[in-house]
Amino acid sequence: AEALNEVNRTADAYAQINRVRARAGLDPKAVGSKEACLDDIFRERRTEFIWEFNQWFDLTRRNRFEAHIKTFY
């Protein structure tokens, strides 16, 4: 989904996000902007992989770590 979003195929990225959400029995997400899609991807990854400690890698490779810390802590 992240790669699709990066090449401006945001609707296709949301289709992938919604596949994961459907598997979990959750309602689909509505298609949003490219930035909103990236936020949704990270939120889904944070939820899906909560015990695998991958969030730091996602946040640092996208230079979002500092903003995340300020928002949530």
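Author: A term to begin with. A nonpolar core is a set of buried Ala, Val, Leu, Ile, Met, Phe, Trp, Tyr and Cys residues joined through side-chain atoms within 4.5 Å. Buried means under 20% relative accessible area, exposed means over 50%, and partly exposed is in between, with a 1.4 Å probe and protein chains only.

Reader: What kind of model is this, and how are residues numbered?
Author: This is a predicted model, where local features need pLDDT of at least 70, side-chain atom pairs count only at pLDDT 80 or more, and totals for chains, interfaces and linings use all residues. Residues are numbered from 1 along each chain as its sequence is written, and side-chain values use heavy atoms, leaving out hydrogens and water.

Reader: Which residues make the largest nonpolar core?
Author: Six residues: L4, A13, Y14, I17, C37 and I41. Helix 2 and helix 3 are the elements that give two or more residues to this core. Helix 2 gives the most, with three residues. Helices here are DSSP runs of H or I with at least four residues, numbered from the N terminus.

Reader: What does A13 touch?
Author: Leaving aside neighbours within four places in sequence, A13 is in contact with A1, L4, N5 and C37. Contact means heavy atoms within 4.5 Å.

Reader: N5 turns up there. Is N5 buried or exposed?
Author: Buried, at 0% relative accessibility. N5 sits in helix 1. Not counting residues up to four places away in sequence, N5 touches T10, A13, K34, C37, L38 and I41.

Reader: And T10, where is that?
Author: In helix 2. T10 counts as buried because its relative accessibility is 12%. Its contacts, leaving aside neighbours within four places in sequence, are L4, N5, G32, S33, K34 and C37.

Reader: Switch to helix 3. How many residues does it have?
Author: Helix 3 covers residues 34-48 and has 15 residues. From first C-alpha to last it reaches 21 Å, close to the 21 Å expected at 1.5 Å a residue. That expected span is 1.5 Å times one less than the number of residues.

Reader: Which of its residues are buried?
Author: In helix 3, C37, L38, D40, I41, F42 and E44 are buried.

Reader: What do they pack against?
Author: The buried residues of helix 3 pack against helix 1 (2-6), helix 2 (10-23) and helix 4 (55-61).

Reader: Charged pairs next. How many salt bridges?
Author: Four. A salt bridge is a side-chain nitrogen of Lys or Arg within 4 Å of a carboxyl oxygen of Asp or Glu.

Reader: What does R21 pair with?
Author: R21 forms a salt bridge with E44, and the closest N and O atoms are 2.7 Å apart. The pair links distant parts of the chain, with R21 in helix 2 and E44 in helix 3, 23 residues apart. Both R21 and E44 are buried.

Reader: What about R43?
Author: R43 forms a salt bridge with D40, with the closest N and O atoms 2.6 Å apart. Both lie in helix 3, three residues apart, about one turn of the helix. Salt bridges that share partners join K29, D40 and R43 into one network.

Reader: Last one. Which residues make the nonpolar surface patch?
Author: W56, F57, F65, I69, F72 and Y73 make a patch of about 710 Å². Such a patch takes residues with over 30% relative accessible area and no salt bridge, with nonpolar side chains (Val, Leu, Ile, Met, Phe, Trp, Tyr) joined within 5 Å. Accessible areas come from the Shrake-Rupley method with a 1.4 Å probe.

Reader: Which element gives the most to it?
Author: Helix 5, with three residues. F57, for its part, is in helix 4 and counts as partly exposed at 49% relative accessibility.

Methods:
Patch = residues over 30% accessible without salt bridge, like charges linked within 9 Å, V, L, I, M, F, W, Y side chains within 5 Å.
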